[in-house]
Amino acid sequence: MLLQMVDVKSQYVKIKEEVDRGIHEVLDTTIFIGGPKVKKFQEELEVYLGVKHVIPCANGTDAIQIALMGLGLRPGDEVIVPAFTYVATAEVIALLGLIPVMVDVDADSFNVSVEGIKKAITPRTKAIVPVHLYGQSAEMEAIMNIAQKHNIFVVEDNAQAIGADYLFSNGGKKKSGTIGHIGCTSFYPSKNLGCYGDGGAIMTNDDNLAFLLQKIANHGQSVRYYHDVVGVNSRLDAIQAVVLSAKLKHLDEYNLARQKVADYYDAAFAGHAEILTPLRSSFSTHVFHQYTLRIKNGKRDSLKDFLDDNKIPNMIYYPVPLYKQEAFKATSNGMEYLENTELLCKEVISLPIHTEMDPTQLDYIINVVKTFFK
Ligand SMILES: *Cc1c(COP(=O)(O)O)cnc(C)c1O
């Protein structure tokens with residue numbers, strides 16, 4: 001049985017005709033960067049997300065970097081970020097000479113702790129970068145309230161949660177990534193909306209910020225060869241835009257397929273003494289970029305070995321708190337121990353989840369996991 005963490009190939013086969021035709025059109029016109037295909041996808045994503053501006057760029061890491069460059073921060077300014085996330089989130093903060101202030105996450109949602117954010121705010125705090133980890137939004141309503149009170153920016157790292165809906169206490173609804181001042185996402189092939197190379201995008205409802213971010217992504221120019229600010233070179237290829245346009249039409253259906261896989265796993269592991277299934281928040285739908293279990297009683301690593309021996313793909317996202325990474329020793333503000341972050345690094349394990357999984361594959365995986373605990 002072919003088991004994979006993600007199955008990009010089987011998904012491609014189903015949309016092959018449209019993707020291949022679009023790619024050939026790009027080859028025929030030789031408009032490889034920018035141009036009408038990129039513009040088309042940009043507008044489609046604006047409509048899908050219900051956001052005023054989408055600025056396509058080269059990858060998700062660039063998206064976060066460009067977002068932070070647009071906020072007028074100064075070296076030494078503090079940016080709050082969860083300690084339990086992919087490195088990209090904190091990396092660009094450090095790269096810009098800003099201080100990543102790493103805070104703890106909630107053990108049940110895996111997302112940044114609102115209490116942790118409150119405790120970390122100082123007069124030098126200029127921004128918060130919540131990460132919607134594994135496909136579920138962080139507590140954006142509370143985070144926006146804190147940000148407003150302290151006059152700080154919020155940049156959402158939505159690389160893992162594109163398509164998730166956030167539900168506000170007044171009944172309102174917004175797509176994750178469109179709630180903060182700026183949202184960022186990645187189109188890395190394995191993401192919920194992935195292209196066939198690198199890609200990313202920045203989202204905002206603010207006209208002035210959109211103009212500035214677009215300029216920064218294009219060498220700081222809005223008129224060619226007149227550079228107002230120091231920028232970067234970060235663009236989306238037309239070939240990637242074609243793939244993304246084809247897949248965006250199916251995104252809700254893809255996310256639904258992921259939710260079904262998660263439901264299947266949840267039912268199989270429900271009530272297990274040593275397995276904690278992922279929490280579903282009341283305020284966010286979950287698009288299950290990852291299906292991540294917590295394994296109790298120190299058994300995570302031996303379960304991993306057992307799955308490896310039985311050829312069940314699995315991953316530990318993430319094994320090391322960011323503040324313990326060699327790269328952040330100098331900038332992580334002397335932070336040494338965050339309880340939930342440490343716990344999750346020892347307990348989490350992610351199982352295969354993608355749009356093409358069938359019950360036979362799921363039963364096989366579930367059976368091996370259960371056998372380990374017998
Ligand atoms: C994938 C990812 C990124 C970076 O995206 P790239 O396109 O690989 O640069 C950033 N943050 C999170 C949480 C991610 O999962």
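Visitor: At what angle do helix 2 and helix 8 (residues 238–248) pack, and how far apart are their axes?

Guide: Two packed helices are described by the angle between their axes and the distance between the axes. Helix 2 and helix 8 pack at about 35 degrees, and their axes are 8 Å apart. Axes are lines fitted to C-alpha atoms, for helices over the stretch in contact, with angles from 0 to 180 degrees between N-to-C directions. Helices (H or I, at least four residues) and strands (E, at least two) are DSSP runs numbered from the N terminus. This is a predicted model: local features need pLDDT of at least 70, side-chain atom pairs count only at pLDDT 80 or more, and totals for chains, interfaces and linings use all residues. Residues are numbered from 1 along each chain as its sequence is written, and side-chain values use heavy atoms, with hydrogens and water left out.

Visitor: Which hand does the crossing of helix 2 and helix 8 have, and which residues make the contact?

Guide: The crossing is left-handed; that is, the near helix is turned anticlockwise from the far one by less than a right angle, while clockwise would be right-handed. Helix 2 contributes Lys37, Val38, Lys40, Phe41, Glu44, Leu45 and Tyr48, and helix 8 contributes Ala238, Ala241, Val242, Leu244, Ser245 and Leu248. Contact means heavy atoms within 4.5 Å. By class there are nine nonpolar, one polar and three charged residues. Ala, Val, Leu, Ile, Met, Phe, Trp, Tyr, Cys and Pro count as nonpolar, Asp, Glu, Lys and Arg as charged, and the others, Gly among them, as polar.

Visitor: How do helix 3 (residues 60–69) and helix 7 (residues 207–217) cross?

Guide: Their axes come within 9 Å and cross at roughly 125 degrees. The two helices are therefore oblique to each other (under 35 degrees is roughly parallel, over 145 roughly antiparallel, 65 to 115 roughly perpendicular, the rest oblique). This crossing is right-handed. Ile66, Ala67 and Met69 of helix 3 meet Leu213, Ile216 and Ala217 of helix 7, giving six nonpolar, no polar and no charged residues.

Visitor: How many of the residues of helix 3 are buried, and what do they pack against?

Guide: Eight of the ten are buried, meaning under 20% relative accessible area, with exposed over 50% and partly exposed in between (1.4 Å probe, protein chains only). They pack against strand 1, helix 4 (87–95), strand 5 (153–157), strand 8 (182–186), strand 9 (200–204) and helix 7.

Visitor: How many disulfides does a search find?

Guide: The whole structure has zero, a disulfide being a pair of cysteine sulfur atoms within 2.5 Å. For cysteine 184, the nearest cysteine sulfur is that of cysteine 57, 7.7 Å away. Cysteine 184 is buried at 1% relative accessibility, and cysteine 345 is buried at 4%.

Visitor: Where is the cis peptide bond, and which residues other than glycine have a positive phi?

Guide: Most residues other than glycine have a negative phi, and most peptide bonds are trans. Here a cis bond joins tyrosine 317 and tyrosine 318, with omega about 10 degrees; tyrosine 318 is in the loop between helix 10 and helix 11. Lysine 311 is found in the loop between helix 10 and helix 11 too, with phi near 60 degrees, and it is exposed at 67%. Phenylalanine 110 has phi near 70 degrees. This phenylalanine 110 lies between strand 3 and helix 5 (114–120) and is buried at 5%.
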